[in-house]
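Colleague: I'd like a close look at one part of this model, please, with the terms spelled out as you go. Here is what I have on screen.

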Amino acid sequence: MGVTPLDSPAQTSAPTTRRAGTPTAASTSAAPLAHGGDHVAAALQAQGVSCVFTLCGGHISPILAAAKARGLRIVDTRDEVTAVFAADAHARLTGRPGVAAVTAGPGITNTITALKNAQLAQSPLVLLGGAAPTALQGRGALQDIPQRPLVAPHVKRFFACRRVRDLAPAVADAFALAAAGVPGPVFIECPVDLLYDEASIRQWYADAGGKGTAIADRALRWVLNRHVARMFAGSRGVAIPPAHPPAAPLPGDGALRAAAAALQRAARPLMVIGSQALVQVGQPGQAGRADALAQAVERLGIPVYLSGMARGLL
């Protein structure tokens, strides 16, 4: 599931299972970003991501190489579905969105079972998916399929990036959305020609335009040059958005009064606590919520059943 030279610039290598230190604030400096993959890696680092689960592929190699260089751990699995299951598990254990990155086409189709599982389990995760070059989508490029119709039903939002400068904001928005309200998975489509360095991409499009002198040949080169200029416009000096932990979801006053009235009327009340009771426990400032919930249950003194990630609360 790699990318051949006919479909992208030379592939940046990304090693297999990685072990590296947790990223620090010092490593998110304002140093120039090398390429689109580095934009994504810097945005992940700003969100406090410590590891990325993946099955390495040419479409996403710049993300993996840049993330490793920034100190993130890259865990290379044997199947894309395993990478997304691992990101889901990471989210459930930490309370923060897990991250997986997979290559285009069949790499993304392989994730659907795990993606749907995360949606139904209301588990926050961000899936980075490769895609064919922007100018070749729908034209038979390597591993090019319509990815939105396949993925969109199973995620809270499908982000389709078309300019390098949009990559980092998309990551920040995806993290906020994955953890907001009812948590769930979010997908970011990252075309391969947005991820490699500008010089390589410009050369690749120049080669694709050929050297013919006919009007059609010159028109093709003009269109491709204009397309590349739009892709990289404003990509230098992009500010990486900071992380903004979502506010804990709180019930309205009306819902609280209704619940209290129902408890007072009940002859034999029973409480069922599920995974959503512990949403965002891993977020900053939320560490004491589990203890507070346990204390409230004990004060009520009614039978309680625990399910999902709430098991072990009492």
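Which side chain meets that of R162 in a salt bridge? Please start there and work through what surrounds that spot.

Modeller: Happy to. This is a predicted model, so local features need a pLDDT of at least 70 and side-chain atom pairs count only at pLDDT 80 or more, while totals for chains, interfaces and linings use all residues. Residues are numbered from 1 along each chain as its sequence is written, and side-chain values use heavy atoms, with hydrogens and water left out.

The partner is E189: its side chain and that of R162 form a salt bridge at 3.1 Å, N to O. The two belong to distant parts of the chain, since R162 sits in the loop between β5 and α7 and E189 in strand β6, 27 residues apart. A salt bridge here is a side-chain nitrogen of Lys or Arg within 4 Å of a carboxyl oxygen of Asp or Glu. Helices (H or I, at least four residues) and strands (E, at least two) are DSSP runs, numbered from the N terminus.

The two ends of this pair sit in contrasting surroundings. E189 counts as buried because its relative accessibility is 6%, whereas R162 is partly exposed, with a relative accessible area of 34%. The cut-offs are under 20% relative accessible area for buried and over 50% for exposed, with partly exposed in between (1.4 Å probe, protein chains only).

R163 forms a salt bridge with D166, where the closest N and O atoms are 3.1 Å apart. Both partners are partly exposed, R163 because its relative accessibility is 30% and D166 because its value is 24%. By the salt-bridge rule the count comes to six. Among them is the pair of E198 and R236, with the closest N and O atoms 3.4 Å apart. That pair also links distant parts of the chain: E198 is in helix α8, R236 is in the loop between α9 and α10 (253-265), and 38 residues separate them. R236 is exposed, at a relative accessible area of 70%. E198 and R236 are also linked with R202 in a network of salt bridges.

Back in strand β6, let's turn to I188. I188 is buried because its relative accessible area is 1%. Leaving aside neighbours within four places in sequence, I188 is in contact (heavy atoms within 4.5 Å) with V126, L127, L128, G129, F159, C161, A170, V171 and A174. For A170, 18 residues away along the chain, the C-alpha separation from I188 is 7.2 Å.

A170, V171 and A174 bring us to α7. Its buried residues are L167, A168, A170, V171, A172, A174, F175, A178 and A179. The cover over them includes α1, β3, β4, β5 (158-160) and β6. The helix length agrees with expectation, because 13 residues at 1.5 Å a residue should span 18 Å and the end C-alpha atoms of α7 are 19 Å apart; the expected span is 1.5 Å times one less than the number of residues. Just after α7, G181 takes a positive phi of about 55 degrees.

Now the wider setting. A nonpolar core is a set of buried Ala, Val, Leu, Ile, Met, Phe, Trp, Tyr and Cys residues joined through side-chain atoms within 4.5 Å. The largest one has 42 residues, and I188 is one of those with the most contacts inside it, along with V40, L44, V52, L128, L167 and Y205. Elements that each supply at least two residues of this core include α1 (36-46), β4 (125-131), α7 (167-179), β6 (185-191) and α8 (198-209). The largest share, seven residues, comes from α7. Apart from this core lies another of 20 residues, including V81, I112, A118 and F187. In soluble globular proteins, nonpolar side chains tend to be buried together.

For the chain as a whole, there are eleven helices and eight strands. Of its 314 residues, 44% are buried. Among contacts with a separation of 6 or more, 77% are between residues 24 or more positions apart.
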